[in-house]
Protein chains: 2
Amino acid sequence: MNSRTTTEQQTLSEYNRARTLQYLHHHGIASRAQIAKALHLTPAALSKISNHLLASGAIVETGALEGKGNRRSIGLAVNARAFQVLGVKFARSLIEIGLFDLAGKPSFIRELPTVENTTIPQAIESLHAEIRRLLAEHPHILAIGMAVPGPYLRDRGHTAVVSSMGQWRQVNFRAEFEHAFDVPVIIEQDARAGALAQYLFDPNPANENLAYYLLGEGIGLGVIDHGTVINGSLGAATEIGHVSIDVNGKACDCGNVGCLERYCSAVAIHEAMLGNGMLATDSRLTHREACAELFARAQSGDGQARELVERIGTFVGYGCVTICNAFNPSRIVIGDIVAQAGEPLLQRVREVVGERVIPEITQSTQIELSALPTDAAVTGAAAVAITYILDHPSQFFASGT
Amino acid sequence: MNSRTTTEQQTLSEYNRARTLQYLHHHGIASRAQIAKALHLTPAALSKISNHLLASGAIVETGALEGKGNRRSIGLAVNARAFQVLGVKFARSLIEIGLFDLAGKPSFIRELPTVENTTIPQAIESLHAEIRRLLAEHPHILAIGMAVPGPYLRDRGHTAVVSSMGQWRQVNFRAEFEHAFDVPVIIEQDARAGALAQYLFDPNPANENLAYYLLGEGIGLGVIDHGTVINGSLGAATEIGHVSIDVNGKACDCGNVGCLERYCSAVAIHEAMLGNGMLATDSRLTHREACAELFARAQSGDGQARELVERIGTFVGYGCVTICNAFNPSRIVIGDIVAQAGEPLLQRVREVVGERVIPEITQSTQIELSALPTDAAVTGAAAVAITYILDHPSQFFASGT
């Protein structure tokens, strides 16, 4: 190799290794011939790439595949079970941590003790200790992904608004975690992490144009447009929770008026239940528990609860109308706490979209509840780490060659 | 060359020629060494690419450049003046057509006779004739770009809503124009075309994260996020004109309620002037003329006119607040008819953004009036054609080699 071409060649090799890994991650098992064809690579080039990835342990051979015309070939697959990532989800009063393999399969997901506005520093400290313990226990953890509430200003490392728990704004996630461990830590806005999880772990082809609509203590959105995540210049795009649905409406901590989040987040639902007497004012339920209580009552036929669920569905639907007009995804996946309201909510959302969105767009937009086995945002935190690993194979898989 | 690598090699060559042309288009004049460095290509590879582009006439040598340490090298540039494109802008009652060189410099821009809802078929017919005439007269026209009001459903070829001139919905732009001439016709939503014009013809580095906010007879938006245009699955994303700012507000032809377009488009401004007595109800002004009249009166100190401009600025500002929260661009360029209100409008928009957007985001978002010499959307139509040419050089520039 001419020495002047080394840099170009290295970049190109890394690029093609990443594409090969990404292809295998999306397609499961494939033969060398299938990969080469899909990625427009020559058999010789693909052979070199796959030898490198096999030698480094990033991929494995899976045995003979039946090919066209009875030709047999060897299957390749990402060595997903040999490596792990940690996913950490921050959600105001809740921190969850999970251990996942590279296919997104969790070994466990657990909650840390409930956080209050005044106990955030202690919670951060315990999380450090917990991560150190897990890294020591599981030597094949390659990276850590973290999902934080938006608007998350990526370059600065902090979230810009956290309604009802302002102390989170004092936490600089990058300074706190980025160089704290021996493995890389990648931090992303929570709904964008959820969108990445759908994209990585669900083979639905509509995911190329996907919106993941996170209805939790806050409301977030992650959008993939033609396979590319929409970020915005500071990483603060797709903040649907702070898009106004009524410029004369309720004031929000972010400075805006009529933010969607003020009408149908878990916090807003909890407030509504305290306000209309569905919960005693001295109730000590968390926001998540209050929502679960509402949805259980609605399920059992309570009229007041059903009415509130319908009203929430109307507002969630207004959010979907905005998502259609602003992002025109082919699939909107509704996830997190409020999605637990289930079919009655979904039905109301679809009605509102049917009434307010252009028919051609309504017809070409699937709206559904998240079907990921576990909560998408903590799985999303894992997806953030896995996406990074697949994009930077040489940083994680060193070949002997 | 091994025959098995032909396809890969051709794709790669086309890719690198396109990148070279795009680089030169953005940077004006550059030496082979500068291009090779910027694109991570070897001098040998770049030399092959530039020889091909020179032989085909796509680029020219511009003479000696002063290099580092007094080394001299030859400058290369896109042969922008040797080739032309036509840009056509459709805007409800207005069709404009312009002839541009590849640098976006217009030879002329002219309006076709005003269109009414009932005269659309005749207007389309005259446009066909006009384009045929211009193609015969100017043999170096390579392609035609067209900018149409959104939501434009790209695959289907028609716009989905055109408030106040519904007959436009009957026009299938693709069927009508795509194969009508000997040169390719590329059709794009008007505000996205405007964003492409800013990106192609203005070297501002903030254009990597740009929103072009088109305030005309309708209201549109084109967004470039980290250098990539946001499209949506049907091409109907970034339709800010139909994002609701008040879910209990004015009904819109699109089915939604409280669409931004109902409050501050040229059509809405014209309605407001007829409603408050600023114009006689039998006035025969076009929407554009009515707006010009308002802005002239405000400029001359008329209190009622100033108040209306301020109110419009408030609504335009609400739109900017949504743009910040939904797309987080680093630059918002306000263009078209309503932008003619000038500084008083811009000042009010900035005030509203200052009040309602998170401070970190306000501080990192430039908001300004379009500075393109001519109306950005017809220039945008040209930009759509030029973008296509730079992306597909072999389709337009055949080398003798």
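The side chains of Glu360(A) and Arg169(B) form a salt bridge with an N to O distance of 3.9 Å; the term requires a side-chain nitrogen of Lys or Arg within 4 Å of a carboxyl oxygen of Asp or Glu. This is a predicted model, in which local features need pLDDT of at least 70 and side-chain atom pairs count only at pLDDT 80 or more, while totals for chains, interfaces and linings use all residues. Residues are numbered from 1 along each chain as its sequence is written, chains are lettered from A and ligands numbered from 1 in the order in which they are written, and side-chain values use heavy atoms, with hydrogens and water left out.

Over all chains the structure holds 30 salt bridges. Glu360(A) belongs to helix H12 (residues 359–363) of chain A and Arg169(B) to the loop between strand E9 (158–159) and helix H5 (173–177) of chain B, so this pair joins two chains. Helices (H or I, at least four residues) and strands (E, at least two) are DSSP runs, numbered from the N terminus. Across the interface of chain B and chain A, the rule finds 2 salt bridges.

In that interface, 56 residues of chain B are in contact with 55 residues of chain A, contact meaning heavy atoms within 4.5 Å. The two chains bury about 4,300 Å² between them, 54% of it on carbon and sulfur atoms. Buried area is the accessible area (1.4 Å probe) that two parts lose on being put together, summed over both. On the side of chain B, Val247(B), Arg356(B) and Glu360(B) lose the most area to chain A, together 14% of what that side buries.

Chain B is superposed on chain A by a rotation of 180° with 0.0 Å of shift along its axis (RMSD 0.0 Å). The two copies are therefore related as by a two-fold rotation axis. The C-alpha of chain B nearest the axis is that of Asp246(B), 2.0 Å from it. Both copies use the same surface, as 98% of the contact residues of chain B recur in chain A. The superposition is by least squares on the C-alpha atoms of residues with pLDDT of at least 70 in both copies.

The second largest pocket is lined by 28 residues, with Gln22(A), Leu196(A), Thr387(A), Tyr388(A) and Asp391(A) nearest its centre. By class, this lining has 14 nonpolar, 9 polar and 5 charged residues. Its largest share, 6 residues, comes from H1(A). Helix H1 (6–27), strand E10 (185–189), helix H6 (190–201) and helix H13 (376–391) of chain A each supply at least two lining residues. A pocket, on a 1 Å grid over the protein atoms alone, is an open set of points where a 1.4 Å probe fits, with protein on both sides within 12 Å along at least five of seven lines; lining residues have an atom within 4 Å of a point. Ala, Val, Leu, Ile, Met, Phe, Trp, Tyr, Cys and Pro count as nonpolar, Asp, Glu, Lys and Arg as charged, and the others, Gly among them, as polar.

| Cis peptide bond | Omega |
|---|---|
| Gly150(A) and Pro151(A) | about -5° |
| Gly150(B) and Pro151(B) | about -5° |

Pro151(A) lies in the loop between strand E7 (141–148) and strand E8 (152–153) of chain A. In the backbone of chain B, His226(B), a residue other than glycine, has a positive phi near 50°. His226(B) is in the loop between strand E12 (219–225) and strand E13 (228–229).
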